[in-house]
Each structure stands twice: as structure tokens, then as C-alpha cells.
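Me: I'd like to learn how to read a structure like this one, feature by feature. Could you walk me through it?

Reply: Happy to; let's have a look together.

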Amino acid sequence: MSNVTRIPDPPQLKVLGCFLGQLPPMIARKEVKYFTGGAISSKSVSNDDYLGNGPKFRMKMGDAVVYPTAFFLAYLEAKGVTLIVPPSL
């Protein structure tokens, strides 16, 4: 009997998909603030995880919690990320 969990298919991204190729394959929870430019703290993501509203898939590496990037970006989109296009001058 194997103790391997199948990783779900990555979610479809609407707004942030363009960043997938520019980011590492996984984002550590403690580095969330860096990867969001300070917009989201690791504590916010931890609280959302606890409430069941965090990224839909996460893994542990030692003591660190990491999120596959596609799942983390989908979480950000679910929090209400929108694209703002400035008007042409």
C-alpha cells in the first residue's frame, strides 16, 4: 500500500496566469510577503488555511509549508485580484 497522494491538476488562472513562468514552482508560506510585494502576509495565508479558505493544495517540507505556484495564484485570484488598465492619454 502506497502512502502517496496524487497532486490535483493545477487550476485555470484568469488574471495571474502570465506570472506562472516567472515564479518558482513552489512558494513557501514564510515568503508570501516577498512574492506579493507585501500585499499579503504569511500570517493572513496561515489564517486562511486554518479557516479552509487558503490555497487548495499545500505541502510540507520539513517544518515549512509550501504552495505549488498555480494553486497560490488561484488563491490570490479568489481573494479578488483584478487587472486595472489605465486609460490611454
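Me: Which residues make a nonpolar surface patch of about 350 Å²?

Reply: One thing to keep in mind first: this is a predicted model. The patch of about 350 Å² is made by Val15, Val81, Leu83 and Val85. Take Leu83, which sits in the segment after α3 (69-78). Its relative accessibility is 67%, so Leu83 counts as exposed, the cut-off being over 50%.

Me: And where do nonpolar side chains usually go?

Reply: In soluble globular proteins, nonpolar side chains tend to be buried together. Here, the largest nonpolar core has 13 residues, and Val32, Val45, Phe72 and Leu76 touch the most other members. Two elements give two or more residues to this core, β3 (64-68) and α3. The biggest giver is α3, with 5 residues.

Me: What does Val45 touch, leaving aside its neighbours within four places in sequence?

Reply: Val45 is in contact with Val32, Ile40, Pro55, Tyr67, Phe72 and Tyr75. Phe72 and Leu76 have another partner to look at: Thr36 is in contact with both, again leaving aside neighbours within four places in sequence. You will find Thr36 in the loop between α1 (32-35) and α2 (42-51).

Me: Is Thr36 buried or exposed?

Reply: Buried means under 20% relative accessible area. Thr36 has 18%, so it is buried.

Me: How do I read a helix that has a buried side?

Reply: An α-helix has 3.6 residues a turn, so residues three or four places apart point the same way. Now try this on α2, where the buried residues are Val45, Asp48 and Asp49. Looking down the axis of α2, they fall within an arc of 105°, so they line one face of the helix.

Me: Which exposed residues does the face of α2 turned away from its buried side carry?

Reply: That face carries Lys43, Tyr50 and Leu51. On the buried side, the cover over α2 includes α1, β3 and α3.

Me: How many residues of α3 are buried?

Reply: For a helix like this, count the buried residues and then ask what they pack against. In α3, 9 of its 10 residues are buried, making the helix mostly covered. Among them are Phe71, Phe72, Leu73, Tyr75 and Leu76, as well as Glu77. The buried residues of α3 pack against β1 (26-28), α1, α2 and β3. Just after α3 comes Gly80, with a positive phi of about 110°.

Me: Let's turn to charges. How many salt bridges does a search of the whole structure find?

Reply: To spot one, look for a side-chain nitrogen of Lys or Arg within 4 Å of a carboxyl oxygen of Asp or Glu. The search finds 3 salt bridges. In one of them, Arg29 pairs with Asp49, and their closest N and O atoms are 2.5 Å apart. This pair links distant parts of the chain, with Arg29 in the loop between β1 and α1 and Asp49 in helix α2, 20 residues apart. Both Arg29 and Asp49 are buried.

Me: Where does Lys79 sit, and which part of the chain does its pair with Asp48 link it to?

Reply: Start with the pair itself: the side chains of Lys79 and Asp48 form a salt bridge at 3.1 Å, N to O. Lys79 lies in the segment after α3 and Asp48 in helix α2, so to speak distant parts of the chain, 31 residues apart. Lys79 is partly exposed, with a relative accessible area of 46%, whereas Asp48 is buried, with 13%.

Definitions and conventions
Residues numbered from 1 in each chain as written. Predicted model: local features only at pLDDT ≥ 70, side-chain atom pairs only at ≥ 80, totals over all residues. Heavy atoms only, no water. Helix = DSSP H or I, 4+ residues; strand = E, 2+ residues; numbered from the N terminus. Buried < 20%, exposed > 50% of the residue type's maximum accessible area, 1.4 Å probe, protein only. Contact = heavy atoms within 4.5 Å. Patch = residues over 30% accessible without salt bridge, like charges linked within 9 Å, V, L, I, M, F, W, Y side chains within 5 Å. Areas by Shrake-Rupley, 256 points an atom, 1.4 Å probe, with all protein chains shown as cover. Core = buried A, V, L, I, M, F, W, Y, C linked by side-chain atoms within 4.5 Å. Arc of directions from axis to C-beta.
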